Amino acid sequence: MLELTRMAHYVALGCYALAALLCLAGWRTDRLRRAGVGLAALGWVAQVVLLAARWGRVGYLPVTGLFSTLHFLAIWLVGMALYLGWRYRAKGLLPGALALGAASLAGASGGSMDLQPLSPALDTPLFLIHVATSFAAYGLFGLAALLGVYRFAGVPGSALGEERRMLDECLYLGYLLFTWCMVAGSLWAYLAWGSYWTWRIKGLWSTIVWFFYSGVIHVRHRPAWQGWRLNALSVAGFGLVLFTFLGLGLLFETSHPLR
Amino acid sequence: MGMRRVGRAVWDLAVAPGTFVVLSVLWCLDLAVGSILAYRADPRFWMKMDAVPFNVWLREAAPAQWPGSWWVYGLVGLTYLVVASLLLCTLNWFWRRRRGWRGVAEVLVHLGFLLIFAGFVLGSGFGARAQGLRVAVGGEAEVPDTGYRLRVETVNPVAGPDGRSWDVQTRVSLWRGGEKVAEGDVRTNRPLIAGTTVVYPQGVQTVIRSARIATTRGSVEVAVGAEAEVAQGVKVAVLGSLSPGQRWGPYFGPGVLVEVRGSQGVSGRVFLSPGMGPVRAGELRLRLVDLNLEPNGVYNVHQDPGVWFVMVGAALLTLGTLWAAAVYFARV
């Protein structure tokens with residue numbers, strides 16, 4: 001399993017890095033861009049196959065340490081970018097999203113590839129809902145931040161001029177998913193720890209992320225918050241997400257350790 | 001006329017999304033800065049806060065921790081303001097802005113949040129938490145502040161998917177006024193829920209009840225915390241014990257701390273653990289023959305009268321977001 005993990009990991013990393021370059025080079029050349037998209041899809045399939053194989057081996061969604069969480073983040077980031085790319089012809093979005101995916105996988109290289117056996121604490125369907133929705137939301141928030149940067153820089157993300165709509169979709173769906181993540185996490189905390197609300201630092205910062213995006217959802221259609229303000233909120237929100245996910249997991253003693 | 005206009009302006013400000021956003025940002029800043037400072041002061045600050053209902057902590061622990069607890073007071077004030085803003089915004093939707101089904105999903109989310117908050121306030125004010133309750137198998141103990149007694153019937157290891165011992169399951173029951181209220185098997189993620197009272201297993205701890213000690217003057221069985229006479233005027237006392245896995249200074253459990261008391265007072269003290277050879281303490285040489293071990297279930301029992309508000313609130317929140325997602329996808 002370790003060999004398969006290593007192989008699939010580097011295949012996906014190589015595919016994303018190369019695909020990002022091809023998509024960038026093929027900004028105006030369809031053939032290169034198509035090759036990039038194909039390569040990105042190949043890397044994504046490699047990741048999904050790896051996840052399925054590891055899931056089958058241990059019997060639970062294996063998303064617990066640095067390696068597997070960053071892999072899972074890359075799956076959602078690239079998967080959602082490919083979906084948006086297909087739906088909105090967002091060819092401009094792909095180089096950035098693939099670069100983010102590759103960076104995520106490069107970071108994952110520093111983590112242990114070993115599979116941890118199922119522990120009693122993770123033996124609940126709430127774990128699956130909590131993790132899947134949180135990383136799906138993180139992926140969408142990541143793309144929203146990317147679109148915020150594109151809009152700052154005036155770079156077109158979509159051939160249809162749908163950057164604003166994509167940004168809205170990423171923020172809105174990301175928020176809905178993150179809400180389900182919080183509900184599942186709170187219910188799990190109630191069953192496992194004794195309260196739906198605890199003062200553990202990870203929970204506090206997750207609530208900060210939820211509150212932040214609640215605010216963003218409230219202002220995203222307000223005329224005064226269009227333009228650079230919404231772009232800035234999208235980028236700042238993903239900064240919060242990264243700190244809550246990676247910063248706390250790596251630097252703090254938390255209930256969601258990544259070390 | 002002027003008063004009406006001022007009132008209208010105040011109302012519009014109170015129900016404006018911008019007000020909610022400003023309050024949310026302040027709320028986030030307070031919690032972000034406060035939690036990091038609290039973590040720096042004590043990385044496990046949450047343990048003390050989670051050990052009791054929030055109101056109890058706020059009333060008893062927070063003043064003692066001032067000024068370190070400023071952010072919690074700030075958070076409480078801002079939370080009430082955020083909730084007031086949401087409440088007014090929701091009322092505004094009902095009174096002035098209702099247009100068929102439009103906005104129902106958002107209102108469900110708002111109502112869900114308000115119910116969760118109401119449940120939290122109820123639980124904080126009228127809840128109870130008993131932590132680290134140890135009950136021997138076959139025994140029972142009173143659960144402080146809840147009116148219940150907790151009885152432990154059996155302790156069984158649970159095998160994991162690979163067949164190895166993985167978790168511990170205990171059969172427990174809750175009693176009130178001599179009547180059994182609830183009974184069930186509890187283990188990690190599977191507490192016993194009896195209305196608003198929940199029993200959470202925290203593992204099983206093996207406790208040393210007594211030790212059989214051989215001395216140069218004969219053998220004695222001594223309970224932990226008691227003493228026994230081995231000869232005229234010579235007593236052996238077991239001062240304390242370390243359960244398997246426990247550590248105290250240089251000593252590792254299982255074992256017992258033994259004191260030899262003669263007519264002149266204490267003549268020696270020694271820590272005895274299984275497998276150790278005879279050790280001198282005062283006028284005696286001592287050796288641990290056997291330990292009487294007893295498994296104890298360890299439990300947290302939480303009573304939260306607001307929990308059903310929270311559950312209904314969470315259900316509304318989920319329903320509202322599902323509705324919002326359905327509307328969104330139907331539109332695109």
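Q: How many salt bridges are counted between chain A and chain B?
A: The model is predicted. One salt bridge joins the side chains of A:Glu253 and B:Arg44, at 2.6 Å from N to O. Between chain A and chain B the count is two.

Q: How many residue pairs are in polar contact across the interface of chain A and chain B?
A: Both residues of a pair must have pLDDT 80 or more. Under that rule, the pairs across the interface number 13.

Q: Which helix supplies the largest share of the side of chain A that touches chain B?
A: Two helices of chain A, α6 (163–192) and α7 (201–219), each give at least two residues to that side. By class, the side holds ten polar, eight charged and 28 nonpolar residues. The largest share is 14 residues, and it comes from α6(A).

Q: Which three residues supply more of the area that chain A buries against chain B than any other three?
A: The contact involves 46 residues of chain A and 53 of chain B. About 4,600 Å² is buried between the chains, with 70% of it from carbon and sulfur atoms. Of the area that chain A buries, 19% comes from A:Tyr196, A:Trp199 and A:Phe211.

Q: Which residues lie nearest the centre of the second largest pocket?
A: This pocket has a volume of about 1,300 Å³. Helices α6 and α7 of chain A and α2 (17–41), α5 (70–95), α6 (104–126) and α7 (307–331) of chain B each supply at least two lining residues. The lining has 40 residues; nearest the centre are A:Tyr172, A:Ile217, A:Arg220, B:Gly103 and B:Glu106.

Methods:
Residues are numbered from 1 along each chain as its sequence is written. Chains are lettered from A and ligands numbered from 1 in the order in which they are written. Side-chain values use heavy atoms; hydrogens and water are left out. Contact means heavy atoms within 4.5 Å. Buried area is the accessible area (1.4 Å probe) that two parts lose on being put together, summed over both. A salt bridge is a side-chain nitrogen of Lys or Arg within 4 Å of a carboxyl oxygen of Asp or Glu. A polar contact is a pair of N or O atoms within 3.5 Å; within protein, one must be able to donate a hydrogen and the other to accept it, and residues adjacent in sequence count only if both atoms are side-chain atoms. Helices (H or I, at least four residues) and strands (E, at least two) are DSSP runs, numbered from the N terminus. Ala, Val, Leu, Ile, Met, Phe, Trp, Tyr, Cys and Pro count as nonpolar, Asp, Glu, Lys and Arg as charged, and the others, Gly among them, as polar. On a 1 Å grid over the protein atoms alone, a cavity is a set of points where a 1.4 Å probe fits but cannot get out, and a pocket is an open set with protein on both sides within 12 Å along at least five of seven lines; lining residues have an atom within 4 Å of a point. Grid points are joined across faces, edges and corners, and a volume is the space filled by probe spheres set on the points.
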